[in-house]
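Dear colleague,

Please find below the structure that I am handing over to you.

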Amino acid sequence: MDTAATSRDMLAVNGAEKSFGAVRALAGVDFVVRAGECVGLVGHNGAGKSTLVTLMTGGTKPDRGRILLDGQDATGSYGFAAAREHGLRCVFQELSLCPNLTVTENTRIAHRSISGLGWRRRAEQVIRQKLDEIFPGHGIDVGTTIASLSIAKRQMVEIATAFSESEAKVRLVILDEPTSSLDATLAGQLLAYVRKFVGAGGSVVVISHILGEILSAADRVVVMKDGKVVAERPASEFTVASLVAAMGSVVRERDAVRPARDQSGQTPVLAQTATGPEPAIGFVAYPGEIVGLAGLGGHGQTRTLIGLYRDQGGDWIARRDSKVAFVAGDRHVDGNLPLWSILKNLTLTLLPDLTRFGLVQHRAEAAVAQQWRARIEVRTQDLDNPILSLSGGNQQKVLFARALATRVPVVLMDDPMRGVDIGTKQEVYAILRSEADKGRTFVWYSTEMDEICQCDRVYVFREGRIVAELRGADIAESHILAASFAEQAA
Amino acid sequence: MRTLAAKPWFWSFVAAFGVWLATILFTGGASTIGVSQAALTFAAFSIIVGLGQMFVITLGPGNVDLSIPSTMTLAGTVALKVMETNDGLVLLGLILAVLVGLCIGVVNYGLIKLLRIPPIIATLSSSFIIQSTAIWYNRGIRIKPPATLIQFATGTTLGIPNVALVALLISVVIWVLLEKGIYGRRVSAIGQNMRAARLAGVPVDGTRFATYVLCAVLASLAGLLLSCFSGGAALNMGTEYLLSSIAVVVIGGTAVAGGSANVPGIWGGSLFLFLVVSMLNTYGASAGVRLLLTGIIIIGVILAASRRPLA
Amino acid sequence: MNWLTADRLRLLVPALSLAVLLGAVFYLQPRSMSYVGLNLLLNLAVPITLATIAQMLIMMVNDLDLSMGTFVSFVACVTATYLQTDPWLGVLILAVCIAAYAGMGVVIHLRNLPSIVVTLGMSFVWGGLAVLMLPTPGGTAPDWIRWLMTSKPPIVPMAIVASVLIAAITHWLVIRSAFGVVLRGVGGNERSVQRAGWSVIRAKALAYALAGLFAVLAGIALVGLTTSADANIALRYTLLSIAGVILGGGEFVGGRVSPIGAVIGALTLTLAASFLSFLRISPDWQIGAQGAILIVVLALRLLLNRREAREGRQ
């Protein structure tokens, strides 16, 4: 600890607060990265990790709080350019290379200073040297286009690009799930390089769902929860078990444990056989059940839901007796039809039922909409107002009504409560429960622990597949956290 | 008045009326009936093809049908040749024209779907083939339409050109489809957000397919009418409708980015486009000025529309 | 098979089709296998090639130019009139045209407009200006361009020399040079280019200006061959240029273009017309055959892409 305390703070975030609408993503966070150390950053969904990273890369500004570079206040002028200039690089989870360009050409894009005659040779040198250094024996031809590389190799190039230097020195690299596509050997090479980089005075922040990696690579581990730092200790003082415990709540009583149901005699309404290596757990959903999909965000839950939806067909002809309906989580991408009124948005899925001879029965449509407006309390003067005139929570209610108004036996929900205020949530939970009691099935992907705890049965996802099935009293935060985070790379 | 002015088609009518007034004032009112009838007649053809193009464009960015001109030519050619100036075969000719449209629509969407290419290229490639088929089938012979059809296409009823009445009839049907029908709802949903529409149960493939077929069928009908009106199918008769079908959609206030369409605007846009031409003719302006002005109008309308923030 | 990368494979297909087509033409018409014969066959290739390159530069940044044909016609009219009678004014007009292209790129990007509709509107503008300038076919080509286009270099005909030259220059510009990489990057992943600190607007303006430049060259070259111009002289170039880029392995989106491929594509299209007439396919079907070729190539492309996707997943 002594060395860490005396070395300089390369980057510091002081008392940062940030809200997105009703959601408080950061509630006063202090975070420091010192020169010559690797900081592990862990936390479950919604803990505030990605907001903190975006803040540090200059992608967003804090509502309150300061950002210090080498001890100097830089809050006002902070942005992409300032962060880059200061030697900060970030490897994002999504691909940030140009797929149509070669590895060398992407290096040129990343380094503005590599230009003029002979640029190709210099760029080649820079990236090849870095690839050799991090991943010896990588076998990547720097002349190939990114699109024709495998996903693992793309990630390797991405990492090497972040560490590569031309004129400006790289001082801090943020690695957001850097090993998600790498096998154990490659991950090991990366971690070894991280140690070497840190040893030479560089700084690294690692975010990973593989806790073993965090513990072996980091000097210090910062645990976040609900937009706050809840634990911060040297990595040597943590174990995988104590990390998982730190991510959970200190005390949380479950209101009531839902008893596990006996489903032996029932026929599932929806099923999907398991694929992949053992232990392969298949997906089933029974009538009247609320099935939760848990795990860290982006580990295959949304893909599974969309797969379940598309399996039912309906690309060419709408099915009148459709089995499933979908409630979008990312309203702007998957849900809202922004040019339309609340009414039209609400009745879209139900439309075949409201149609006679191809014509929409406007009176019936209005009646249904009114009925649901009353039932879920959409706060608006007039259903003919544009959908975007509503607050986010009310828009989400309309999307709920769109699915609930139909006769479908199964409703698929893609983390629909993101950014919704607590009042609205409580209202929707009550409706869900009463609908389930009437026999409807809900498949509910949620990134919020108390929502998952309301489910009858829970599947935990990791790396694109189901790794655990929990029921009854087993549905507890500790079990879900333990299954979401891997001890070692698969 | 304020609600009227807020309608996307309002300004196209204002513009059309203004140009109409300028034209008849220039001739001291002597040409009122002539100009109006000519405008309605010529606008009718671009209204019919414009309605089809409107649905296609409403499907969202990248959707456009470039095979309209060749479809018009082929449908006109085939129908006239089969009817062989025989009044008794009018119905057969009509059915054939619709069938030609159906086939072309199926082929167009087939190419889009199977080859996964942008609609603009699919319809472009198919238009080459359709054009050749028309040339081959026609063999340079200009066959006259049956007498009754000529009479119908060039005649008027109560002073209104028959072709305009046909366009009106089609427009009413399309308006019902768009505003009252589930089909119009679906097209609009796809145009706003294809992914969201699919996840809300909209049969995206079926709807897009129907739209390309509808567009081709309307182009076929327009082709048949135009060839009857002009006394025979000419190989280049559809050419100007490639651009004007898109232009009237844009001028009429249909969103270029998709999702929002309106039928009256097609009328406003078509009348306006033709009246500009006839006004410039009256003033003695050359073809160059007409083209130039059309282009400036289209770009002006797009720029003006883009300034409106998308709600 | 390591040398057969996906990129080379993409270029191999158009190159092979050109070779096969050339072989077929020679087989059908052995007399064409000569200096004069080749000159005749590929006579019109140069302007088409230049227009194809121009279209390729627009497609590189994920747009499409539907005004290519009318613009080349307009340039042809300027060349046959002002550039001949009043060279400085002519040059000025053409420079303004290139600036207009750059402006078009900026407006399309800033307003997030569909390039199809904007260029469609521009096609009326260029067409109108061309008709105003030359209401009836006429004008004369400046002597220097006439001399250049009809010159007979030793051994290899002008059209081939020019095509190779165009391919080499644009390949260097777009593929090899440091700034060409950034332009293609904009087509591939606009956000990451932006994140690395580049100005996307400037890149787009540059791509459009370059496209304008090559389209201007196409118009000038065309007049050099035809000696006079008219307002409709190059209308089919819009479609030909798009088809040429696609034939040459270019894609509509994603910044995947190949200048060498585009030149080969343009040559193939030029040859295809001669080939069809040698086959005694009635001229009725010539346009149709072009459409069919386009569809076949796109179908082949789909198969190739599937293969590539499989490789990528490994």
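**Chain B**

Buried residues account for 59% of the 311 residues in chain B. Please bear in mind throughout that this is a predicted model. The secondary structure of chain B consists of 14 helices and two strands. A compact globule of 311 residues would have a radius of gyration near 19 Å, and chain B, with 19 Å, agrees with that value. Taken along the principal axes, the box filled by the C-alpha atoms of chain B is roughly 55 × 45 × 35 Å. Of the contacts in chain B between residues at least 6 apart in sequence, 77% join residues at least 24 apart.

**Chain C**

Chain C has 15 helices and zero strands. For 314 residues, a compact globule would have a radius of gyration near 20 Å; the value for chain C is 19 Å, which agrees. The C-alpha atoms of chain C occupy a box of roughly 60 × 50 × 35 Å along the principal axes. Buried residues make up 54% of the 314 residues in this chain. Among contacts in chain C between residues at least 6 apart in sequence, 78% link residues at least 24 apart.

Helix α3 (residues 45-60) and helix α12 (residues 200-226) of chain C pack with their axes 8 Å apart, at an angle of about 170°. Because angles over 145 degrees count as roughly antiparallel, α3(C) is roughly antiparallel to α12(C). On the side of α3(C), the residues that meet α12(C) include Val46(C), Leu50(C), Ile53(C) and Leu57(C). On the side of α12(C), Tyr208(C), Phe214(C), Leu217(C) and Leu225(C) are among the residues that take part. By class, this contact has 20 nonpolar, no polar and no charged residues.

A further residue of chain C, Asn305(C), lies in helix α15 (residues 286-313). Asn305(C) counts as partly exposed because it has 14 C-beta neighbours inside 10 Å. Asn305(C) and Arg10(C) are 295 residues apart in sequence, yet their C-alpha atoms are 9.4 Å apart in space.

**The sheet of chain A**

In chain A, four strands form an open sheet in the order β2-β1-β4-β5, with antiparallel pairing. The edges are held by β2 (23-34) and β5 (72-73) of chain A; each has a single partner strand, so one side of each is left without a neighbour in the sheet. Strand β1 (residues 9-20) of chain A runs antiparallel to β2(A), and nine bridges join the two. In one of these pairings, Glu17(A) has Ala27(A) in β2(A) as its bridge partner. Helix α2 (residues 49-57) of chain A packs on the sheet and touches β1 and β2 of chain A. The direction of α2(A) makes about 125° with that of β1(A).

**The contact between chains A and C**

How many residues does each chain bring to the contact between chain A and chain C? Chain A contributes 22 residues and chain C contributes 23 residues. On the side of chain A that touches chain C, α3 (80-85) and α4 (103-110) of chain A each supply at least two residues. The largest share of that side, four residues, comes from α4(A). By class, the side of chain A that touches chain C has 10 nonpolar, eight polar and four charged residues.

With kind regards

Terms used
Residues are numbered from 1 along each chain as its sequence is written. Chains are lettered from A and ligands numbered from 1 in the order in which they are written. This is a predicted model: local features need pLDDT of at least 70, side-chain atom pairs count only at pLDDT 80 or more; totals for chains, interfaces and linings use all residues. Two residues are in contact if their C-beta atoms, placed from the backbone, lie within 7 Å. Ala, Val, Leu, Ile, Met, Phe, Trp, Tyr, Cys and Pro count as nonpolar, Asp, Glu, Lys and Arg as charged, and the others, Gly among them, as polar. A residue is buried if 20 or more other C-beta atoms lie within 10 Å of its own, exposed if 12 or fewer, and partly exposed in between; C-beta atoms are placed from the backbone. Axes are lines fitted to C-alpha atoms, for helices over the stretch in contact, and angles run from 0 to 180 degrees between N-to-C directions. Angles under 35 degrees count as roughly parallel, over 145 as roughly antiparallel, 65 to 115 as roughly perpendicular and the rest as oblique. Two strands pair if DSSP finds at least two bridges between them. The radius of gyration is taken over C-alpha atoms; the globule rule is 2.2 Å times the number of residues to the power 0.38.
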